[in-house]
Amino acid sequence: ILFESFFAGKMWCTFCFCIIFAIYILFWPSASFDAAAVEENGGKWLQLQDGRYLEYFEYRSRKYVPEKSHVVLFFHGTMNSGYSCIARPRPTWEELGLLVICPSLPGWGWSDLHAGRVLADYGNDIQQLLDVLELDKVAVAGSSLGGIHSAAVAATLPNRVTHVGIFGSLCPLVGVADGPGRGLWWRIPSWIGFRSLLGWVSSVTLGLANVQTMLERAMPEEIEQLKAFWGPNFNNTMDSLTVDARRAHIRGWHGNADTSRLVWSPWGFTVNNITTPRADGSRPKCLISSGGTDTVNPPFMQEYLIKWNPSCKVQNYTDEGHLHLMMRGGELMEMLLSM
């Protein structure tokens with residue numbers, strides 16, 4: 001109802017259902033951690049020092065050679081979990097011989113929420129994961145929401161990160177003197193951006209549509225690009241995304257609520273910290289991607305990141321939007337690791 005009323009322009013109805021939804025998020029209890037459920041889907045888990053549980057998945061290429069091939073930590077975006085890494089074929093990862101570790105972010109999938117955290121706190125979670133897996137140095141990458149978590153790990157664990165990919169992601173909105181969040185509407189160029197973003201969140205969250213239906217309503221032009229790119233695999237890809245979106249919310253909607261709070265909070269580090277020099281004086285290689293027509297995380301956000309960290313390289317897909325992440329993910333990973 002929220003999804004349909006919003007796109008129909010019935011803003012009074014949208015407002016009422018947003019209030020109901022907010023109450024639902026705040027008071028709906030979260031299910032307890034279930035190790036058997038994690039393992040049933042091929043996942044693994046780790047209990048962190050503060051007692052929270054972290055869920056993660058591994059994609060291991062048949063061409064992977066220990067101590068020779070790249071190991072990558074990949075962080076998923078909103079409406080996904082770490083399961084997304086194994087939910088569909090990854091031909092580029094396979095060809096590159098990668099071992100990809102995909103944690104579910106706090107509050108998503110079976111990973112416990114980290115109440116009150118700032119973005120910089122995530123580095124401690126990942127440090128514990130790397131220690132358990134006996135991984136000294138890794139590349140990190142993330143798409144959309146995952147991109148700022150990739151940045152956080154690079155900024156807080158510089159001696160353990162070789163490459164950092166920030167794909168179609170956000171910039172700091174508050175807590176910086178010239179951040180985009182200083183204006184009421186944070187400079188999103190058009191109302192279409194809000195329509196796309198709320199359509200994305202509300203439709204999947206309320207379970208009134210599958211991912212394909214939601215994208216067709218929220219991003220009609222981008223979905224046509226996606227159909228052309230995926231060809232006969234389009235429907236299977238959409239089905240896998242729907243399964244992952246439902247799994248991401250399996251314990252409730254607290255991850256969504258925490259995400260909204262997180263992106264409107266100070267990061268706990270500055271953008272130039274993303275490529276902090278390591279002990280030997282070298283810096284992690286950094287790649288940022290931008291969709292020229294992205295209305296979810298518009299290009300000015302990536303421009304801000306580049307402004308304050310010019311050591312990062314930028315790859316701009318001028319005629320593509322937020323869904324360039326689904327079409328160019330393999331290409332971006334290859335570009336990052338070749339730097």
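Me: In which sense do strand S6 and strand S7 pair, and over how many bridges?
Reply: This is a predicted model, where local features need pLDDT of at least 70, side-chain atom pairs count only at pLDDT 80 or more, and totals for chains, interfaces and linings use all residues. Residues are numbered from 1 along each chain as its sequence is written, and side-chain values use heavy atoms, without hydrogens and water. Strands are DSSP runs of E, at least two residues, and helices are runs of H or I, at least four, numbered from the N terminus; two strands pair if DSSP finds at least two bridges between them. S6 (residues 161–167) and S7 (residues 285–291) pair in the parallel sense, over 5 bridges.

Me: Which residue in S7 stands opposite Val164?
Reply: Look across from Val164 to strand S7. The residue standing there is Cys286.

Me: What angle does the direction of helix H13 make with that of S7?
Reply: H13 (residues 299–308) packs on the sheet and touches S6, S7 and S8. Contact means heavy atoms within 4.5 Å. Axes are lines fitted to C-alpha atoms, for helices over the stretch in contact, and angles run from 0 to 180 degrees between N-to-C directions. The angle with S7 is about 160°.

Me: Is Ser143 buried or exposed?
Reply: Ser143 is found in strand S5 (residues 138–143). Buried means under 20% relative accessible area, exposed over 50%, partly exposed in between (1.4 Å probe, protein chains only). Ser143 has 16%, so the word is buried.

Me: What distance separates the C-alpha atoms of Ser143 and Phe167?
Reply: The two residues are 24 residues apart along the chain.
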